[in-house]
Amino acid sequence: VDLGGGTGFILAQLAARGVTPGMILVNLDCSAPQLAAAGEHGITCVRGSIDSFRRCDLAPAAKRFCFVMRSVLHYFGEDGLLPVLRHVRSQAEPGEIFVHQSACFQDAREESCINALYHKLGTRKWYPMVNVLRDDLAATRWRVLEEAPAPRLALTSVDLGLRYGLDAGALRQVRGELMEEFGETENIFRLLPEGFIAYLPYQIYVSEAVA
C-alpha cells in the first residue's frame, strides 16, 4: 500500500521490476486525477486521506500489509506528525512493515532555515530533526529496523516560485530575509546569481509495527 502514492510511480516501478508476484498493489491518495493515472498501470486505487483511511478499505482483512510512503509526512505540519504516524500504526498489525522516505535534519540550524523558508513561502509544511522523527516513531509503536540516507532534493527559487505562485519580487524578499537570519550554508541554502537554491536531505526508514 503506497500512502499518498499520487500517480502510482513507486508501485509501477516495483511491478515493472518483477518484485511483486502474488501481491495486491494499492495506491491511496486524495487526488482523483492522480489516481486515474495510477489506474492505467493496473494498480488498485483507493481515494482517501492518510490520516483517516481504514485498513478494511484497502484489501481483504486476511492480507498482510506493507505500507510505503515517499516525501509525504511534511504535509501534516509540526502538530500533525505524531497523529498521522499513530493513525498509520493503528491500521497495521504487529509485525507489518512501514517503509518511508522523509526529509529530516541532523543540524538544528539547517532545520530552522528550511522550515523558515517554507513558512515564508506560505505553506504549512514542516520538517523534523532526525531524533524527533525517531522518537515519534517509537512513541507510536514503530520499531526502526533500518535507516539509510537517500539523495537530497535540490529546489531552486524558480521551482519554488512556480509551485507556490510567488513572483520575482516575493522571492527576492524571501531570499533577503533568509540571508539576514541564517546566511548561506553549503548543504542547505545557497545563493544563485538571480535567486537561491535550497536542499532537502532525506532518510529512508524501515519500521516494524510492535504490540
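**Cysteines, cores and pockets in a predicted model**

A count of disulfides, taken as pairs of cysteine sulfur atoms within 2.5 Å, comes to 0. The structure is a predicted model, in which local features need pLDDT of at least 70 and side-chain atom pairs count only at pLDDT 80 or more, whereas totals for chains, interfaces and linings use all residues. Residues are numbered from 1 along each chain as its sequence is written, and side-chain values use heavy atoms, with hydrogens and water left out.

Nonpolar cores were defined as sets of buried Ala, Val, Leu, Ile, Met, Phe, Trp, Tyr and Cys residues joined through side-chain atoms within 4.5 Å. The largest nonpolar core holds 29 residues, of which Leu3, Ile50, Leu58, Phe67 and Leu133 touch the most other members. With helices (H or I, at least four residues) and strands (E, at least two) taken as DSSP runs numbered from the N terminus, at least two residues of this core come from each of strand 2, strand 4, helix 3 (77–90), helix 5 (130–139) and strand 8, and helix 3 gives the most, with 4 residues. Apart from this core lies another, of 23 residues, including Phe105, Ala150, Leu171 and Leu178.

Pockets were identified on a 1 Å grid over the protein atoms alone, as open sets of points where a 1.4 Å probe fits, with protein on both sides within 12 Å along at least five of seven lines, and lining residues have an atom within 4 Å of a point. The largest pocket contains about 730 Å³ of space, and of its 35 lining residues Gly4, Arg70, Ser71, Val72 and Tyr75 are the closest to its centre. The second largest pocket contains about 380 Å³ and is lined by 16 residues, with Val1, Met23, Ile24, Leu25 and Cys66 nearest its centre; helix 1 and strand 4 (66–70) each supply at least two residues of this lining.

Notes: Points joined across faces, edges and corners; volume = space filled by probe spheres on them. Buried < 20%, exposed > 50% of the residue type's maximum accessible area, 1.4 Å probe, protein only.
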